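Try each task before reading its solution.

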Amino acid sequence: MEKYLAELNEAQLAPVLHKDGPLMVIAGAGSGKTRVLTYRIAYLMSLGVDSFNILSLTFTNKAAREMKKRIADIVGNSEAKNLWMGTFHSVFAKILRIEADKLGYPSNFTIYDTQDSQRLISSIIKEMGLDKDVYKYKQVQSRISSYKNSLITVKAYFNNPELVEADAMAKRPRMGEIYNAYVERCFKSGAMDFDDLLLKTNELLTRFPEVLAKYQERFRYILVDEYQDTNHSQYLIVKALSDKFQNICVVGDDAQSIYAFRGANINNILNYQKDYEGVKVYRLEQNYRSTKNIVEAANCVIEKNKTRLDKVVWTHNEDGPLIKVHRSSTDADEGRFVAGSIFETRMQQQESNGHFAVLYRTNSQSRAIEDALRKRDIPYRIYGGLSFYQRKEIKDVLAYLRLVINPNDEEALIRIINYPARGIGQTTIDKLTVIANEYKRSIFEVISHMDRIDLKINSGTKARLEEFVNMIRSFQIMNTNADAFALAEHVSKKSGILQEFKKDGTPEGIARMENVEELLNGIKDFVEGQREIDGATGALSEFLEDVALATDLDKDTGDDDRVALMTIHLAKGLEFPYVYIVGMEEDLFPSAMSMNTRSELEEERRLFYVALTRAEKQAYLTYAQSRYRWGKLVDSEPSRFIEEIDDKYLDYLTPIDTGYRYKPLVDVDIFGEVDKSKLRMQKPSNSAPPAYHKPSEEKLRKLRKLKPDISEPIGNNQQDTSLAVGTIVEHERFGRGEVIRLEGIGNDKKAEIKFTNGEVKKLLLRFAKLTIV
Ligand code: ATP
Ligand code: MG
């Protein structure tokens, strides 16, 4: 252990050696937070803490696997294997399976992915006869998801007149009914969606004190990485589990909180010291990841945020090259520049593909980059987007397998009851849905008992339904003694899916068949891999759980050498020697949808901070003068985030210009450097005044279509003064309240607020994010 502790600096060593009681490591990007977490676990184990008593929650399962590997190096594999490590979703899915019966769920419950949830919601909207343009299923789904993440159950929803009214105002008065139907249908199908995994865990821990006690006793040491991005539901789970021993270690960086749009609550990190008694706070300052230029440029940017904790980040690493900024005419040109640059750097520096990452704000930007990489024969992998497991043919095969495990899984059944076509028409399926809902049974149960229920369907259809039931039953029997691979292979043949593709014969059909083969290979790997781990059996149910919770990053085995393409959100926690941040344009990054309030804009800036700090050696910022968006060519101007970096860290490259604005360019790469003064003139948009660097406020508003700040958070800014006793304010979590007292000055200014629920809270204005109403 001594040897390993020497791999930490003094500041990192302190939180690693901290034994009992709550602690928090709050530090900037690349300063070793994840490393501290990893070594702390190893250290605890070396002190004799039983690996069964440690729970570690990470942002991706891949991160968990890597940490486990490192810990295994230090303390040995046999002990490391027992650690509970993974994302909130995967760890609590495991616990829910063990305790499912308490909540009335079968332990083999299905996990619905977003696609399943959306399809179910869309069918409920249709059955209720609602206008699908008013009740847009995606919006309804995301609304239900946010209720769940705020722990608002159906009952709580109907008990909250404000929520009901808000939906009525939004012309969706039947939102609550949809929510109710959705929850009932999921329950009937023995299915939980992603949000349920947290919601139900909370329910389990609150309703069953003995269960809570059991897991409190078990998880004596709890560690959470990326704590700044936990949502309310996750916060409560951690709080409940750690309540007894209070051995809770969270690490995070408020400057990297980028999931507010999904309900993450930065206050979880800001309030941590209030939530636990005697919290020891550790700070790390030295960045080991990036060059001086990158670290300092990133500092420059994040300093512009008003809501943040004061933090210092510096590095002993070398200066490194300047950050390269590149302008191109179109998005296609931008792609060509990136591909060309990767191609050249790879040659000149003898680098492998895996050392390059291209990061973007939205998934749709990947297409132009992909086209260019393909032309250059540069292998790449896209993370996010439509994942392998969401492709139609894969979901179809998986649906059969899901039915084998849980025949009540309605989404799976509806998907394949007539695929491949077996003469069971939509009318029959609709009829079955209605009857099943009436009896509060699943369709599978209904068709298994056709002798007892008069379905009013003809005998031909009845026979076909019977055949279907028998087929699924035969798969279930096989599942009791065959492994997941043998079964999956049998199912894909017997169900007729493979024949369907063969018959099809088109290149697309062949590609689909290959995908199914790839799935089977994956299952084989899984079965073989699992056999090496004690306790795991390679059972089909285990495989399905893995698939349901796999993020795209998880499939990255790291053994093939490819350029990584992903959104910045996905890149959190990762690092690459060369990073290209593309689409650095106003309205794209920062996104047009995030410029209405200061807090939204600050979240975009944090996102940029995350992007830039992924780079170890060299960062590139690229932007295009015009790009296709929503099928139209739109002019754009460079992102304000480029402006926010001090020029001394930037190196503006000569733009590749074909002279033909929208004509594709032959592959050329010119990396000549230019006099910066020239660049000023070359900055795009001829109409922009030369003083672009410091546009007037009015100009800025016009340029950026900034609406007047309607919900300017009162933080460490001029708005402070507008707060007086008697002011009515709105708080993100506590709702509306009245200021009853003010105290302190500057950074320490606090307000005592009486909220409408009667609670009085004293809040530090610097963090409270209040809005005057
Ligand atoms: P992020 O905020 O991006 O999640 P982080 O704070 O978790 O970053 P790590 O990923 O733990 O930082 O560390 C960043 C890099 O620095 C890693 O490659 C890590 O191995 C390296 N590193 C951290 N501490 C040290 C150290 N004391 N000596 C050498 N390398 C270190
Ligand atoms: Mg980290």
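A crossing is left-handed if the near helix is turned anticlockwise from the far one by less than a right angle, and right-handed if clockwise. Helices (H or I, at least four residues) and strands (E, at least two) are DSSP runs, numbered from the N terminus. This is a predicted model, in which local features need pLDDT of at least 70 and side-chain atom pairs count only at pLDDT 80 or more, while totals for chains, interfaces and linings use all residues. Residues are numbered from 1 along each chain as its sequence is written, and chains are lettered from A and ligands numbered from 1 in the order in which they are written.

**Exercise 1.** Find the handedness of the crossing of helix 12 and helix 14, and class the residues of their contact.

*Solution.* Start with the axes, which are lines fitted to C-alpha atoms, for helices over the stretch in contact, with angles running from 0 to 180 degrees between N-to-C directions. Those of helix 12 and helix 14 (residues 232-242) come within 9 Å and cross at roughly 35°. Next, the handedness: helix 12 passes helix 14 in a left-handed crossing. Now list the contact, counting two residues if their C-beta atoms, placed from the backbone, lie within 7 Å. Helix 12 brings Leu-198, Leu-199, Thr-201, Asn-202 and Leu-205, and helix 14 brings Ser-233, Gln-234, Leu-236, Ile-237 and Ala-240. Finally, class them: Ala, Val, Leu, Ile, Met, Phe, Trp, Tyr, Cys and Pro count as nonpolar, Asp, Glu, Lys and Arg as charged, and the others, Gly among them, as polar. This contact has six nonpolar, four polar and no charged residues.

**Exercise 2.** Decide how helix 6 is oriented to helix 12.

*Solution.* First take the geometry: the axes of helix 6 (residues 88-99) and helix 12 (residues 194-207) come within 9 Å and cross at roughly 55°. Helix 6 is therefore oblique to helix 12, given that angles under 35 degrees count as roughly parallel, over 145 as roughly antiparallel, 65 to 115 as roughly perpendicular and the rest as oblique. Their crossing is left-handed. Then look at the residues that meet, including Phe-88, Phe-92 and Leu-96 of helix 6 and Phe-194, Leu-197 and Leu-204 of helix 12. By class, the contact of helix 6 with helix 12 has nine nonpolar, two polar and two charged residues.

**Exercise 3.** Locate the backbone exceptions.

*Solution.* Recall that most residues other than glycine have a negative phi, and most peptide bonds are trans. Leu-151 is not a glycine, yet has a positive phi of about 60°; Leu-151 sits in the loop between helix 8 (137-149) and helix 9 (154-158). For the peptide bonds, the one from Tyr-419 to Pro-420 is cis, with omega near -10°, and Pro-420 is in the loop between helix 21 (410-416) and helix 22 (426-439). The bond from Phe-589 to Pro-590 is also cis, with omega near 5°, and Pro-590 belongs to the loop between strand 13 (576-581) and helix 30 (598-612).
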